[in-house]
Amino acid sequence: MILNMGPHHPSTHGVLRLILEIDGENIVRIMPDIGYLHTGIEKTCEAKFYQQVVPLTDRIDYLCPLTNNLCYVLAVEKLLGLEIPPKAQWMRVMLNELTRINSHLVWLGTHALDIGAMTVFLYCFREREDILRLFEMVSGQRMMTSYFRIGGLALEPPLGFFERVKDFAKRFPSKVDEYENLLTGNPIWGMRTKGVARITAEDAIALGASGPTLRGSGIDFDLRRDMPYSGYENFKFKVPVGTDGDVFARYMCRVGEMRESIAMVQQAVEGMPEGPIKAVAPKVVLPDREMMKTQMEALIYHFKIVTEGFAVPAGEVYQAVESPRGEMGYYIVSYGTAKPYRVHMRSACLANLQTLPTMCEGRLLADVVAAIGSIDIVLGEIDR
Amino acid sequence: MPLQPAITDLEQLKQHPAIAALLAWNPSSVEGAKFDREEMSVYVERSSILDACELLRQNPDCPYNYLADVTCVDWFPSEPRFEVVYHLLSHSKKERVRLKVRLDGGSPALDSITAVWPAANYFEREVFDLFGIRFAGHPYLRRILMPEDWEGNPLRKDYPVEGYR
């Protein structure tokens, strides 16, 4: 029987359509059908200035907007050859890790909700509220922050921000203990997730999986540690790696990542350097408001950057970061003008989604829901 | 870091493991190379892309075991019009390399590399959908993002940003 697990479904985490060929409760074949959220962002980026693309990048993987910002901004800075001051780099790492925790909280809440554990969902979203308030404090926006700009940050963090972050970082590890208390040792959780939707390491690499989907199968590779960017080499953190390649291994990886991320946030707050938050590049980075209002040159630079943009030397660059879902990359081709020639987003979820048939064929229909949750897909990133 | 000028001379770059492996196997497969902003790009000749990918995956010095991305750039109206770009990553050596294949605009076709990495499946479908490049040997070459009955290839440069509807 051919069954359609249509785009409107509470467990597909977005508008994903799965065409299932089933025999009783067993899956014979599974085929994902995507494209319901395609908005043509890659085409739109070709019509905008480089600085105008930053708000577009927020909306691609809408659960970790700051990570998308970071990837795009690092790629353009590589094209321009800009030096970013240390305070901006540490702030970027700190907010990136808070975003990782944010994304994993949504993952844990919705994954547990699909499998039936409804309390975890409300607990996770209670912590997410605190993080969203921190983002609102620093950038004015809860989700689509666009806080990282080409050349540094948009604004100085306000007074009292670091105290709030420190306070959150002190409270959070005990909350992760709460979630683990409810799920990790729970026999129902174990029966639904252990041994389910297994994928071997060779299959995962061949199918292009990355992030926790790859690490759950035993491959120890993390872009933050192995190919560091934006100051990650100054931070000490462990990378949790699973062994079995099933849903439970991926769950343990992500919960471990939440703990490591909050430790990194604490390291960042304690070691935050002083200094400017924007690079010294008057033709690229907008000047301070006060300088713009009092100095003629700053006003001229501001006017030119906003109306004409800045020309980026010709060339191409591929910058990848470790997003909560895996390797997110931006491939930007420039031909010397103020608008990019081609912007391509390498979506971690698109490659991870290819592992779904291998994981689910031959298993029960209920395992498909657990598998989709464990890959942690976001349709905005798949469809762009 | 301030920008260095790009190095495009093949003589200077042939020590790089990917280029050395390709030149040792078939010197005519490498049409050129560029080292710019600390990234290596290799222009591969069209008919040798499948063998080149398999060779790089098995390369003992630096095995590029992971396909990160397959995409395309449209250089309309100059010819060769399309450039299909492959990004490879070596987990063990933490190195990336970019392979580029130039295609003419007429009826662009290329070998599919799904035999080497099944990961190329969705990426090549996306390039077929949005640019119109056919991949020979692909198990299921259909439109992936646009609806099945869509006409035209939206990411080509002669397709307007606003669309036709």
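A residue is called buried if 20 or more other C-beta atoms lie within 10 Å of its own, exposed if 12 or fewer, and partly exposed in between, with C-beta atoms placed from the backbone. Helices (H or I, at least four residues) and strands (E, at least two) are DSSP runs numbered from the N terminus. The model is predicted: local features need pLDDT of at least 70, side-chain atom pairs count only at pLDDT 80 or more, and totals for chains, interfaces and linings use all residues. Residues are numbered from 1 along each chain as its sequence is written, while chains are lettered from A and ligands numbered from 1 in the order in which they are written.

**View 1. Strand β4 of chain B and its partner strands.** Eight of the nine residues of β4(B) (residues 82–90) are buried, so the strand is largely enclosed by the rest of the structure. Two strands count as paired if DSSP finds at least two bridges between them. Strand β3 (residues 66–74) of chain B runs antiparallel to β4(B) and is joined to it by eight bridges; here B:Asp74 has B:Phe82 as its bridge partner. Nine bridges link β4(B) to β5(B) (residues 95–103), again in the antiparallel sense, and B:Tyr86 stands opposite B:Leu99. Four residues separate β4(B) from β5(B) in a hairpin, where B:Lys94 in the turn has a positive phi of about 55°.

**View 2. B:Leu88 and the largest nonpolar core.** A nonpolar core is a set of buried Ala, Val, Leu, Ile, Met, Phe, Trp, Tyr and Cys residues joined through C-beta atoms within 7 Å. The largest has 162 residues, of which A:Val76, A:Ala371 and B:Leu88 touch the most other members. Helix α4 (residues 86–115) of chain A gives the most to this core, with 14 residues. Contact requires C-beta atoms, placed from the backbone, within 7 Å. Beyond its neighbours within four places in sequence, B:Leu88 has contacts that include B:Leu56, B:Tyr64, B:Ala68 and B:Val97.

**View 3. The three-stranded sheet of chain A.** The strands form an open antiparallel sheet in the order β1-β2-β3. Strands β1 (2–5) and β3 (26–33) stand at the edges with a single partner strand each, so one side of each is left without a neighbour in the sheet. Four bridges join β1(A) to the antiparallel β2(A) (residues 17–23), and A:Met5 stands opposite A:Leu18.

Terms used: Contact = placed C-beta atoms within 7 Å.
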